Amino acid sequence: MSIWALRGLRDGVVTTRWPRRADEYADAWRGPVTVIGDADAQDVDGLCPTGAIEVAGQVRVDQGKCILCGRCVAQRPDLFAWSAGATGPDAAALTREALVIPHIAETDEAVAGGRPPPGAARTAALRRSVHVRHVDAGSDGSEEWEIQALPGPVYDVHRLGVFFTASPRHADVLLVTGAGSPGMAGPLRTTYDGMPDPRVVIAVGTDAISGGLLGDRLTGVAGAVPVDVFVPGSPPSPFGILNALLIATGKLR
Amino acid sequence: MTVTSTEPAVAALRDALTARTDRGDRFAGLFAARRGDTVTLSAHVAAPGRIDTLEAELPPDATEYPSLTPAIGAAFWYERLIHDQTGIVPEGHPRLAPLIKPGDPLPRHVAGYGLFTIPHGPVRSGVLESMEYLVETPGEAIPHLNMRIFYKHRGIAARFAGMAVPDGVLLAERAEGIASIAHALAYCHAVEAIAGCEIPRGAALLRVVHAELERIANHLDVAVRLADAAGLAVATARFALHKERVLRLVSALCGSRFGRGVVVPGGIAAFPRKRPAEILAELAPLEQQVSTDMRALLGTSSFLDRLRGTGPLTPARAREHGALGPIGKASGYADDARLTRPYDGYPALPSAEPGTHKAGDALARLRVRAEEITQAFGLIRLALSDFPERTRLTPRVPCHPGTGRATGWAEAPQGEVLYDVTVEDGRISHCQPRSASFHNLVLMHEVFAGDILTDFPFIEASFGLSAAGAAL
């Protein structure tokens with residue numbers, strides 16, 4: 001056993017300093033597509049396999065539907081670009097509408113009006129003891145890997161006072177992944193109902209937000225539980241999920 | 001093989017299948033597809049160098065057919081799936097309960113004083129995919145285990161129908177997210193076979209690089225889960241660190257930590273953002289660290305005690321079922337598609353012979369994965385050091401399949417993935433994926449002989465399967 005004690009010291013500290021300091025990997029992350037131009041946008045119909053691109057007067061991208069295939073960026077670099085960075089206020093949204101880029105006017109006002117994050121307002125009292133329960137509602141399995149990375153040595157959420165718990169009775173935050181398979185609607189609701197107030201729900205990944213590629217029959221998890229924070233991505237990076245956890249609990253604005 | 005009356009067609013299919021498996025070929029799947037009015041049973045048989053599809057057409061009004069499971073045991077779950085999807089009853093099936101449709105919990109299999117059922121799931125106690133294990137136990141031993149996988153059924157196969165061929169690969173990548181590359185490869189191999197296109201050499205080698213990186217990440221994930229189950233905190237952290245480094249390397253190559261968007265019909269989407277020499281320079285220290293930590297793990301006696309003899313699958317059962325991937329190899333049954341039906345860059349690379357394992361326990365499965373990690377690093381090194389000058393290369397060739405049907409395959413970290421794809425006028429009319437997770441998971445029923453409740457996490461982790469891939 002002593003061999004492991006020595007091995008544990010091998011690489012020194014590998015844990016990120018984020019959010020106290022910037023993290024190179026988080027900043028270099030390639031996020032969902034954003035709109036950079038508004039030129040002639042007649043021929044973008046059918047470009048997006050999930051229909052995330054809307055052309056109604058102005059070209060908009062619904063990041064809640066973006067699966068990051070990059071087809072639009074490759075074909076119309078004048079209109080579309082990857083958003084940069086896995087963290088920050090833009091990497092998670094507090095309303096479904098806020099994922100539509102560029103924002104529709106009234107959403108902009110609501111955000112600019114300094115509306116307090118509703119989830120964070122409820123959970124401010126939790127301070128440095130936030131317990132998280134995860135439920136897979138029909139994911140492809142990749143989101144679970146990214147959430148599993150969080151207690152690991154690189155992200156180490158324990159340092160931020162975030163802990164994973166088995167029982168919904170102990171949980172403050174519900175991380176939901178997956179497109180919302182019919183079989184999980186009941187267990188998801190039961191888990192949510194088992195949580196004490198205050199509670200916050202985070203929809204992790206494009207599948208959980210809109211169903212992604214399965215969006216024609218599965219439409220995400222918002223129909224089963226009230227979602228407070230949306231994290232787009234297919235899957236989102238561990239930094240993106242951590243960012244959302246901190247936003248949802250008022251540790252980050 | 002098309003006969004109008006049900007019985008003879010299915011009987012002929014059964015006889016053909018048993019004749020093939022008796023000869024040493026492997027039963028690789030059985031599905032039903034409704035084309036117009038008729039339902040056709042398609043069975044896949046793996047032979048050296050190819051996968052054959054044998055068919056039996058049921059009459060238009062068929063409501064039942066004689067079950068194949070009594071003759072071909074491995075068809076057990078496939079026929080439950082067929083029943084769920086088509087409503088047609090495989091007459092004589094030993095336990096025709098719903099599999100991907102919700103249904104009442106199965107009646108208890110064993111009965112007696114003091115026996116009770118512990119449900120694990122569908123919401124599991126850790127961050128895990130949703131599925132339900134119903135453990136029937138008198139308190140310690142596990143005389144029987146039931147599994148219910150319908151919770152995660154998303155209708156992937158049905159979603160494929162009507163998609164454009166280039167969009168299909170995006171869905172394949174999300175069928176079993178932790179094996180995105182393997183699913184994309186199997187899908188693309190099928191459509192490339194229909195289109196008759198040959199992918200460029202550089203793309204073939206880079207597909208190998210990504211497939212092997214995916215294998216390393218998955219096998220490291222199994223090591224993390226096993227070390228975690230044994231309470232080895234440092235080993236858990238070490239392997240989690242290695243896995244994170246592999247995923248970061250993959251994202252540095254293509255932007256996605258799961259290699260999504262890399263594989264496209266006709267080749268790869270783009271060349272990696274790093275040059276081969278840079279990738280090799282990054283891999284060398286990682287390989288060294290993984291191998292020393294793996295050696296330490298396989299030398300930690302308190303850990304080995306938990307794995308040795310745990311969850312044994314006998315070689316006879318592995319062969320009979322056609323157990324795929326590391327589970328088959330650990331029980332002395334190896335049918336690695338990279339060796340027996342090589343594709344992409346694999347024919348050009350020297351093939352590593354699989355080690356011989358017979359124990360079939362959780363330890364043997366970890367040893368197989370440790371060997372595969374070493375081989376994977378070796379394959380990546382060879383593929384990249386042999387990499388042709390980039391300036392003379394194209395990443396892909398045009399691939400426009402018109403009309404046709406083909407089966408594509410690839411060796412995922414969990415074992416062989418199959419895609420039976422039919423394309424009509426450039427659109428997918430039918431696509432049936434089959435993951436190794438689906439084929440192998442049913443074997444979990446059989447490996448609890450003598451094991452107790454605390455062995456459960458080791459056995460589950462040592463299988464290394466994905467619920468998403470099983471339920472699709």
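Predicted model: local features only at pLDDT ≥ 70, side-chain atom pairs only at ≥ 80, totals over all residues.
Q: Let's turn to domains. Which domains does the assignment give for chain B?
A: The domain assignment has domain 1 at 6-91 and domain 2 at 156-463 of chain B. Taken over C-alpha atoms, the centres of domain 1 and domain 2 of chain B are 27 Å apart.

Q: How many residues of each domain of chain B are in contact with the other?
A: In chain B, 18 residues of domain 1 touch 15 residues of domain 2. On the domain 1 side, the elements that give two or more residues are β1 (26-35), β2 (38-47), β3 (50-58) and α2 (76-86) of chain B. The largest share of this side, 6 residues, comes from β1(B). By class, the domain 1 side has 10 nonpolar, 6 polar and 2 charged residues.

Q: What should I keep in mind when I look for a nonpolar core?
A: The general idea is that, in soluble globular proteins, nonpolar side chains tend to be buried together. In this model, the largest nonpolar core has 233 residues, and A:Val176, A:Ile202 and A:Ala203 have the most contacts inside it. Helix α6 (residues 201-229) of chain B gives the most to this core, with 17 residues.

Q: Why does this core lie between domain 1 and domain 2 of chain B?
A: Because domain 1 (6-91) and domain 2 (156-463) of chain B both give residues to the core, it lies between them.

Q: Which residues does A:Ala203 touch, not counting residues up to four places away in sequence?
A: With those sequence neighbours left out, the residues that A:Ala203 touches include A:Val176, A:Ala208, A:Ile209, A:Gly220 and A:Phe230.

Q: Now for a sheet. What is the order of the strands in the open sheet of 3 strands in chain B?
A: To read a sheet, follow its strands in order and see how they pair. In chain B the order is β11-β12-β13, with antiparallel pairing. The edge strands are β11 (404-412) and β13 (427-434) of chain B, each pairing on one side only. From one strand to the next, the twist averages 20°.

Q: How many bridges join β12 to β13 in chain B?
A: Strand β12 (residues 415-424) of chain B is joined to β13(B) by 7 bridges. One place to look is B:Tyr419, whose bridge partner in β13(B) is B:Pro433.

Q: Which strands of chain B does α4(B) lie across?
A: α4(B) lies across β12 and β13 of chain B, and runs at about 20° to β13(B). Helix α5 (residues 180-195) of chain B lies across β11, β12 and β13 of chain B, at about 150° to β11(B).

Q: How many of the residues of α4(B) are buried?
A: α4(B) is mostly covered, with 7 of its 9 residues buried. Among them are B:Val165, B:Leu170 and B:Glu173. The cover over the buried residues of α4(B) includes α3 (156-160), α5, β9 (263-264), β12 and β13 of chain B.

Q: Let's finish with the backbone. Where is B:Asp425 found, and is B:Asp425 buried or exposed?
A: B:Asp425 is in the loop between β12 and β13 of chain B. Although B:Asp425 is not a glycine, its phi is positive, at about 50°. B:Asp425 counts as exposed because it has 8 C-beta neighbours inside 10 Å, and the cut-off for exposed is 12 or fewer.

Q: Is B:Leu472 buried or exposed?
A: B:Leu472 is buried, with 24 other C-beta atoms within 10 Å. Its place is in the segment after α16 (467-471) of chain B, and phi of B:Leu472 is also positive, near 45°.

Q: Which peptide bond is cis, with omega near 5°?
A: That is the bond from B:Gly121 to B:Pro122. B:Pro122 lies in the loop between β6 (116-120) and β7 (132-137) of chain B.

Technical notes:
Residues numbered from 1 in each chain as written. Chains lettered and ligands numbered in written order. Pairing = 2+ DSSP bridges. Helix = DSSP H or I, 4+ residues; strand = E, 2+ residues; numbered from the N terminus. Axes fitted to C-alpha atoms, helices over the stretch in contact; angles between N-to-C directions. Contact = placed C-beta atoms within 7 Å. Domains from an automatic or database assignment. Nonpolar A, V, L, I, M, F, W, Y, C, P; charged D, E, K, R; others polar. Core = buried A, V, L, I, M, F, W, Y, C linked by C-beta atoms within 7 Å. Buried ≥ 20, exposed ≤ 12 C-beta atoms within 10 Å, placed from the backbone.
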